[in-house]
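Welcome to this short tour! Open your viewer, get the selection tool ready, and follow along stop by stop.

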Amino acid sequence: MVGLVASKSATPAIELDVGDRTIRISNPDRVYFPESGATKLDLVQYYLSVGDGIVNALRDRPCMLHRFPKGLAGDKVHQKRLPAGAPDWIPTVRVFFPRYGRQADELCVRELADVIWAVQMSTVEFHPWNSRRADTELPDEWRIDLDPMPDCPWSRVQRVAGVVHEVLDELGAVGWPKTSGGKGLHVYVRIAPEFGFKQVRRAALAFAKEVERRAPDDVTTTWWRKDRDPKLLFVDYNQNARDHTIAAAYSVRGVPEATVSTPIRWDEIPDVDPHDFTMKTVPARYAELGDLHAGIDDAIFRIEPLLDWAERDGVDVDLDEE
């Protein structure tokens with residue numbers, strides 16, 4: 001249950017009941033998106049409107065937060081560690097960063113109140129890992145990132161998405177597409193959490209190579225950006241590397257239009273315009289369709305066939321690319 005409670009303080013803050021928690025929202029009228037005038041409270045209300053969906057996307061995953069303490073007009077903060085001042089009920093998971101020899105306690109969402117508290121702490125975007133608390137070193141989500149280069153038209157993204165769907169069907173894998181909130185598309189596939197990041201990334205590269213083979217005039221898997229044709233679409237397999245994160249389903253993006261990374265159906269892709277999905281429009285869509293990724297945990301794919309492709313084709317990944 002979500003309800004509004006009058007604040008007892010003399011400040012302009014308000015209090016929200018979110019489930020069994022009460023969360024104080026300070027500066028609710030602060031404008032976060034100057035172009036539309038959308039406020040911090042508007043952002044809170046958006047996340048409340050897609051509550052089950054955003055929790056499903058983040059549940060039990062280490063999560064990096066993209067925070068805008070002064071709204072988009074101010075500086076952006078990429079925060080791995082849980083912000084200071086968190087109540088003791090906010091769940092975390094400890095992860096280690098070998099490159100820096102450090103560890104951090106990251107937000108690990110269990111319920112909607114955790115999300116709303118993070119928004120109170122000026123979070124706009126949620127970027128979860130593709131592994132979960134039970135074993136953060138074993139991914140359970142394979143991410144296919146269709147990343148258009150600067151001169152790549154949206155029609156090319158749509159066309160390549162069709163090839164991705166075709167290959168997934170042949171593999172017997174269920175893909176769950178969503179807009180990126182930018183110019184690309186993401187497709188998620190639930191996998192058995194039995195391989196480490198390097199092997200999942202190797203499987204992802206083998207898949208990307210197959211898509212490139214079928215659509216050579218549309219796709220590149222060339223790693224170095226400077227070497228890519230700017231008209232092509234890059235299938236970014238490296239989004240499966242350890243500690244690489246992308247915006248969650250239902251996450252608002254920190255851009256003036258307040259676009260949302262929005263789950264869509266495969267049959268929508270030929271006609272969809274990703275700019276149509278914003279903080280203002282997605283709540284009505286969600287109320288009508290519900291969470292289009294609700295069944296994602298029920299469709300588990302085993303990546304061994306992709307590892308067989310990688311072995312067959314001599315595909316490997318270079319740790320220097322992480």
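In which helix is Gln 158 found? Select Gln 158 and you will land in helix H4. Keep in mind that you are looking at a predicted model.

**Stop one: Gln 158**

Is Gln 158 buried or exposed? Its relative accessible area is 18%, and because buried means under 20%, Gln 158 counts as buried. Now show its surroundings: leaving aside residues up to four places away in sequence, Gln 158 touches Ile 269, Pro 270, Asp 271 and Val 272.

**Stop two: a pair of helices**

Next, colour helix H4, residues 154–171, and helix H5, residues 197–214. Their axes come within 10 Å and cross at roughly 120°, so H4 and H5 are oblique to each other. The crossing of H4 and H5 is right-handed.

Which residues make this contact? On H4, select Val 160, Val 163, Val 164, Glu 166, Val 167, Leu 168, Glu 170 and Leu 171.

**Stop three: the cysteines**

How many disulfides does the structure hold? The count is 0. Select Cys 63, which is in no disulfide; the nearest cysteine sulfur belongs to Cys 108 and is 8.8 Å away. Cys 63 is buried, with a relative accessible area of 1%. Finish at Cys 152, which is also buried, with a relative accessible area of 11%.

Note on methods: Residues are numbered from 1 along each chain as its sequence is written. This is a predicted model: local features need pLDDT of at least 70, side-chain atom pairs count only at pLDDT 80 or more; totals for chains, interfaces and linings use all residues. Side-chain values use heavy atoms; hydrogens and water are left out. A disulfide is a pair of cysteine sulfur atoms within 2.5 Å. Buried means under 20% relative accessible area, exposed over 50%, partly exposed in between (1.4 Å probe, protein chains only). Axes are lines fitted to C-alpha atoms, for helices over the stretch in contact, and angles run from 0 to 180 degrees between N-to-C directions. Helices (H or I, at least four residues) and strands (E, at least two) are DSSP runs, numbered from the N terminus. Angles under 35 degrees count as roughly parallel, over 145 as roughly antiparallel, 65 to 115 as roughly perpendicular and the rest as oblique. A crossing is left-handed if the near helix is turned anticlockwise from the far one by less than a right angle, and right-handed if clockwise. Contact means heavy atoms within 4.5 Å.
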